[in-house]
Amino acid sequence: MTLSRRTFFKINAVGAAALAGAARPAEASARMASHDGPAMLVDTTRCIGCRGCETACAEANGNGALELPGDDAIFDRHRATDPYHYTVVNRYAAALSAPGGERFIKTQCMHCVEPACASACPAKALEKTAAGPVVYHGERCLGCRYCMMACPFDIPKFEYSKPIAYIKKCSFCAERQSRGLLPACAEVCPSGALQFGRRETLLEEARKRIYDRPNDYVHHIYGEAEAGGTSWLYLSDTPFERLGLKTDLSTTPYPALTDTALSAVPVVMTLWPPLLMGLYTFARERKEERHE
Amino acid sequence: MSNVARTLPAHDWLVEKIFMGYRPGAYVRSFFTPANALVASIVGLGVPVIVYRFLFGLGSVTNLSQASPWGLWISFDVLCGVALAAGGYSMALAVYVFGLEKYHPVVRPAVLTGFLGYFFVVIGLLCDLGLPWHLPVPMVYSFGTLSVMFEVAWCVCLYLFTLAFEFTPPLFEWLNWPRARALAIKATIPLTIFGFMLSTMHQSSLGALFLIAKDKVHPLWYSPYVPLFFFVSSIAAGLSMVIFESALSHRIFHDRLDPSAHVDLDGITVGLARGASIVLFAYFFLKVQGFIASERWDLVNTPYGYWWLFEMLGFILAPSLLYAYGARHKHVGLLRAVAAWTVIGVVVNRLNVSLVAVNWSRPTAYIPTVYEVLVSVTIVTIGIQVFRWIVNRMPVLRDDPAFPVTH
């Protein structure tokens, strides 16, 4: 059998269509990662557990009244963030060597330098903005909850009780930041536990605190390397895993875990059609020979 | 029955094409069978649950939580549905591209199963999405090109349409549109190749979805090769579904078969079983490689490890060897049983990866509610009914005498 003009065009049309869709990994490798965006340093040795940040957060996001405001009973159980509480403060026992016996730690979105949620989102509903915060666009969201599967910190929360259900999480007060204001939590913190600034500057500050008072801190800045780096950084005098933080996280950014799988896409798209057209041509030739 | 009805002077298109030759009264009476009563009660219970879910939210009928965002509807309706619909691309490739004419009698039912499988995967997915009406967003203007989910969404969407087009020849034969049918036949090869390309991508991508959840999936089921596992096992699932389903179809729909056409179903079954045996063995070998690379021998001697071993030996290695044995001795009954076992094995694998292995890291294990199970059963039931409706009317299991096979 000769390769007819028509067949040749067919092969090329499929190949060209495949190539047109194959421009993806370039974007994957050009993943922009600024390590000097807006950041927050949380010094848990300074937190007094007043939950002022929770109140300010609820107010700034229109999330209504707090449960048990000003009542220590709230600390009897460990709470997680939920669709209506983007930040929570929990109480843990301090290390024996540390003074005071108890430590408080604030939890919220870590605003990763390379966020897993944003890379997992099929519709760019979660987005790492150029300014730095990881924000959510509800009008794009499908509600597939893949961000929840992807996030190593289990931060995106879904409105299970609503028929029209969105993902909810801390936005790092991106809107306030764009107006030159501090995030609501940092603005009200009375004890200096929260310090807002550029990430590189805060890392310097954190290193300085550890250097100045080496006996008062665990020699590690949580968030410097975790998940490839986060915008929220933590200092502590008590081992981080005893404050409810995950300490077994990968230090390479989570989006990198899917790079290999996604880079197979253009290979399949360009290799399969011509290969199969070739096999088809052989199969047909053999059949024609049999019929002769 | 239908042969008697066909001799009646009813030339009305509706009677001939839709009522299968019955007069309207007799057609309606033909609905009242015990099987249909069961179907009606399942659908009658399941559909209100779906309505309730859309009125009161996912939390009102499911056990999904902030800690377990994906449940039975993703694991069974989507992951298993897509894997079990893999017969469509496997058989179309074998018959149309590789020219294995022997399997021609099973290609149409396989493509129809594929199409309905994907259609009801999408229905299941719509039930699970929080904002299903936003589904056009990643299709039209906001492309999350770094997302595996984006790839899955695009491939499943394109493949659903591809399968719909692949199924047009029997549809046009039924409608008696010879020119449209001739056009559709010409598109067979490009559609088959396009469909295989899409299937390679999204079958594997469904596994790749779990790559980013590295800290959440039990290490025995987490592997950088999980996309490859999903793709290879989907072929085994597809071939086994075709074996199982063709046996079932030829028993249930024997009046739809053309008695003059000699279909060597046993020969087809043995051939498919040989293929499935090799694919399953390759799958087993790949899984062993993934396990060795993971260096987690310590986890084998744990409860999760025993369950993992059971899947490896009981659901992958055993059916591979039994398929080979049955094919060698032409033991068709055994092959059909092994096919059913393999299908269950792939379902177990998908549930293991997406539920069991993920439960490992959860504070509380996710167990689906009876409502979630009911919705899944309802969707499968409706799918089988649509399959029945089409097979009873269109030339799927038999060739239409007016349209001889030309390939």
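Which residues in α9(B) meet which residues in α12(B)? Val148(B), Cys155(B), Tyr159(B) and Phe165(B) are among those in α9(B), and Leu191(B), Phe194(B), Met201(B) and Ala208(B) are among those in α12(B). Contact means C-beta atoms, placed from the backbone, within 7 Å. By class, this contact has 14 nonpolar, 5 polar and 2 charged residues. Nonpolar covers Ala, Val, Leu, Ile, Met, Phe, Trp, Tyr, Cys and Pro; charged covers Asp, Glu, Lys and Arg; the others, Gly among them, are polar.

This is a predicted model: local features need pLDDT of at least 70, side-chain atom pairs count only at pLDDT 80 or more, and totals for chains, interfaces and linings use all residues. Residues are numbered from 1 along each chain as its sequence is written, while chains are lettered from A and ligands numbered from 1 in the order in which they are written.

The axes of the two helices come within 9 Å and cross at roughly 145 degrees. Axes are lines fitted to C-alpha atoms over the stretch in contact, and angles run from 0 to 180 degrees between N-to-C directions.

Now chain B as a whole.

| Property of chain B | Value |
|---|---|
| Helices (DSSP runs of H or I, at least four residues) | 17 helices |
| Strands (DSSP runs of E, at least two residues) | 0 strands |
| Buried (20 or more other C-beta atoms, placed from the backbone, within 10 Å of its own) | 47% of 407 residues |

The C-alpha atoms of chain B fill a box of roughly 75 × 55 × 45 Å along the principal axes. Among contacts in chain B between residues at least 6 apart in sequence, 80% join residues at least 24 apart.

Methods:
Buried ≥ 20, exposed ≤ 12 C-beta atoms within 10 Å, placed from the backbone. Contact = placed C-beta atoms within 7 Å.
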